[in-house]
Amino acid sequence: MADLTRVDVADTETTSREAKGKAPLLATPPGLVAKGMAALRGHEDNRGGYKRGIAIVDFVLRLSTLAVAIAATAIMGTTDQTLPFFTQFFQFQASYDDLPAFQFFVVAMAIACVYLALSIAFSIVCIIRPHAAGPRLLLIFFDIVTLVLTTAAAGSSAAIVYLAHNGNSSANWLAICQQFDNFCQKTSGAVVASFVAMLGFMFLVVLSAVALKRH
């Protein structure tokens, strides 16, 4: 019995020493926890500031693209020229609605303008809540759709403008810009503005992708 008692006492002392030896390993200094929490909060603040900066750039770029798209739509939609050296009963006139490509251009750019105007509200939401992924996903989806629409309008109209300036001898299409110079200048300006708007949409898609990647 005495031997068993000594064995139990020895086991108890060994267990106590092991527990005392492990206690410092399990305990975490309060200062270290505070530093870790502060570092985590600082990291979150840095990410929030970065995303807010992207959202502000997105907002400014969206306004600029809207202005360019409105200019392209207005220029093309008001393009009309009548040659002055004919009588009132027999005149040559060139208007944007004489060509389906230019009609499509006006409709497509008008849709882009409406979308950009509506998307500004979501861009503001992204500034207020930089970590919100829902508005950013919605913007990048419709930005891509509008980018495709704008690219189609700009490309088809650019082909018509090229033919108006240079013609096509194989198809016996004459260049009309020597006569309708004002018409060609305005349509050319509208097409250039549409390509600038297209670049704006491309940058908007890239900004949204970068913001989502760091979410």
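## Helices and the model

Helices here are DSSP runs of H or I with at least four residues, numbered from the N terminus. Keep in mind that we're looking at a predicted model.

An unreviewed UniProt entry lists residues 59-79, 99-125, 137-164 and 190-212 under "transmembrane region". Take residues 59-79: that stretch is 90% helix and 0% strand, and its end C-alpha atoms sit 31 Å apart. Residues 190-212 come out as 100% helix with 0% strand, and there the end C-alpha atoms are 33 Å apart.

## The largest pocket

What lines the largest pocket? The list is L99, I160, L163, A164, W173, L174, I176 and F183. By class that's eight nonpolar residues, with no polar and no charged ones. The volume of this pocket is about 150 Å³.

Which helix gives the most to that lining? Helix α4, covering residues 134-166, does, with three residues.

Rolling a probe the size of a water molecule over the atoms shows where empty space is left. In this structure there are two cavities of 30 Å³ or more, and the largest cavity holds about 40 Å³ of space.

Around the largest cavity you'll find K51, A55, C126, P130, A132, R136 and A211. Sorted by class, its lining has five nonpolar residues, no polar ones and two charged ones.

Notes. Residues numbered from 1 in each chain as written. Predicted model: local features only at pLDDT ≥ 70, side-chain atom pairs only at ≥ 80, totals over all residues. Heavy atoms only, no water. UniProt positions renumbered as here; feature names shortened; annotations may be inferred. Helix = DSSP H or I, 4+ residues; strand = E, 2+ residues; numbered from the N terminus. 1 Å grid on protein atoms, 1.4 Å probe; cavity = no way out; pocket = protein on both sides within 12 Å on 5 of 7 lines; lining within 4 Å. Points joined across faces, edges and corners; volume = space filled by probe spheres on them. Nonpolar A, V, L, I, M, F, W, Y, C, P; charged D, E, K, R; others polar.
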